[in-house]
Amino acid sequence: MSTLSLTNFYIPVPLLATATEGETADSALVLASVLLSLVVIYFASKLGGELCFRINLPPVLGELVGGVAVGVSALGLLVFPEGGFSATDSLLMQFLQLTTEVTPEGLEAVFSSQGEVVSVLSELGVIILLFEIGLESDLKELIRVGPQAAIVAVVGVVTPFALGTLGLVYGFNVPIVPAVFAGAALTATSIGITAKVLAELGRLSSSEGQIIIGAAVLDDILGIIVLAVVASLVKTGEIQVFNILYLIVSAAIFLIGAILLGRLLSPLYVKLVDEMKTRGQLLLVSICFAFVLSYIAQIIQLEGILGSFAAGLVLAETTKRHELEELIAPISDIFVPIFFVCVGAKTDLSVLNPTVPSNREGLILALFLIVVAIIGKVVTGFTILGKPDLNKLAIGVGMIPRGEVGLVFAGVGSASGALSQSTEAAIIMMVILTTFLAPPWLRMVFKEPAVSPQEQEST
């Protein structure tokens, strides 16, 4: 990735920068393209969010739809090189070429760097989102619903994986390895999308909301383990038991250890913040804590979002909780839309075109995967026994969206060469429809919000 030199902020650059003027000019073009991308992202997120809000749909769905509108499926403004696209496929890059003297070779370099920068900002957005969700969650309530969340998570992984894999092998004669990959993609749950909708509905702190969040966190852990097992199967032809045990043990130690250690250190955190006199002390110390836990999670082969979520849970138990929630909100408003718009922008709806012969097999497989994806998660809520007051349908619906997590499975399968074009298309279609179906359905099954977004902002 090209680095953005600090000299760009002090040394004037020509209005028509060129890629042949050296390092500074190249950095200027990367910065210019990222700025254009952010303008498109924020415009798409607010327009989509406002439209959905006015028709009583979750604004997060509008951000996803806005991403689709500006992405590869429609306008082609926000395009990423990892999808196999070049700079000429991006209208933003074409505009940059028209307004600068960049060469075609330089434009490709800028396009690659711009995609990397925006993708990193997107990942940062979901880390901040999960930190915010952790702050809004109740650790005691999560522990209380832990057994129910564990049941939901395990059933939500085993059921779709078994139904999907066996159905593809015996019903559609799909080879075992791509069938296992497709089944693994069905196990995922996008905690970011569901958590945002629950927060918008004022249901995040409800028993149902806490069960969904707890189960989604466990799903991430189980999903990582499943993905590691499947990837190992593709590479070596055999399952490496040591890697599975390592992932299970490291995930358990990390989550339990982070929460226990955080609770021990929280008085020191409060004292440190109180003694600091400079501006932003609470926000920056808290974000550093979240980033450290995210880093640790990332380097032990877990997901960074688990670290930031754990950090939010720990800090939610301190006296700084409400003040920190107010401070993190504008940061979240800046970074989180990047994540949701990018998820939509990377979604290629061309796989839904039945007139393309290569898509037809994928459409049939996709219909099967979509049915299994929905049923395999909806049934999870009804596996909780002895809790008649729980909205069990809402719990199941909250587990449906696969989002970016499902796309990770598809991406790994595609990169490994294990997936045929039709199977890959089917997985992508399943991810698309479950991601877009869940938010409005979740709103329907919850009826009216317990606390409106306006009421949340006023408290």
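**A close look at the salt bridges**

A: Let's start with arginine 321, which forms a salt bridge with glutamate 325, their closest N and O atoms being 3.5 Å apart. Keep in mind that this is a predicted model. The two are about one helical turn from each other, because they sit four residues apart in helix α13. Glutamate 325 counts as partly exposed, since its relative accessibility is 23%. As for α13 itself, its 25 residues (321-345) should span 36 Å at 1.5 Å a residue, and the end C-alpha atoms are 34 Å apart, so the two figures agree. Still, α13 bends by about 40 degrees at serine 332.

Lysine 320 is buried, at 14% relative accessible area, whereas aspartate 274 is partly exposed at 41% relative accessibility.

Now over to helix α1 (residues 23-54), where arginine 54 and glutamate 50 lie four residues apart, about one turn of the helix. They form a salt bridge too, and their closest N and O atoms are 2.4 Å apart. Arginine 54 counts as exposed, at 59% relative accessibility, and glutamate 50 as partly exposed, at 35%. In general, an α-helix has 3.6 residues a turn, so residues three or four places apart point the same way. The structure holds four salt bridges, among them the pair in α1.

Key
Residues are numbered from 1 along each chain as its sequence is written. This is a predicted model: local features need pLDDT of at least 70, side-chain atom pairs count only at pLDDT 80 or more; totals for chains, interfaces and linings use all residues. Side-chain values use heavy atoms; hydrogens and water are left out. The expected span of a helix is 1.5 Å times one less than its number of residues. The bend at a residue is the angle between axes fitted to the seven residues ending there and the seven starting there. A salt bridge is a side-chain nitrogen of Lys or Arg within 4 Å of a carboxyl oxygen of Asp or Glu. Buried means under 20% relative accessible area, exposed over 50%, partly exposed in between (1.4 Å probe, protein chains only).
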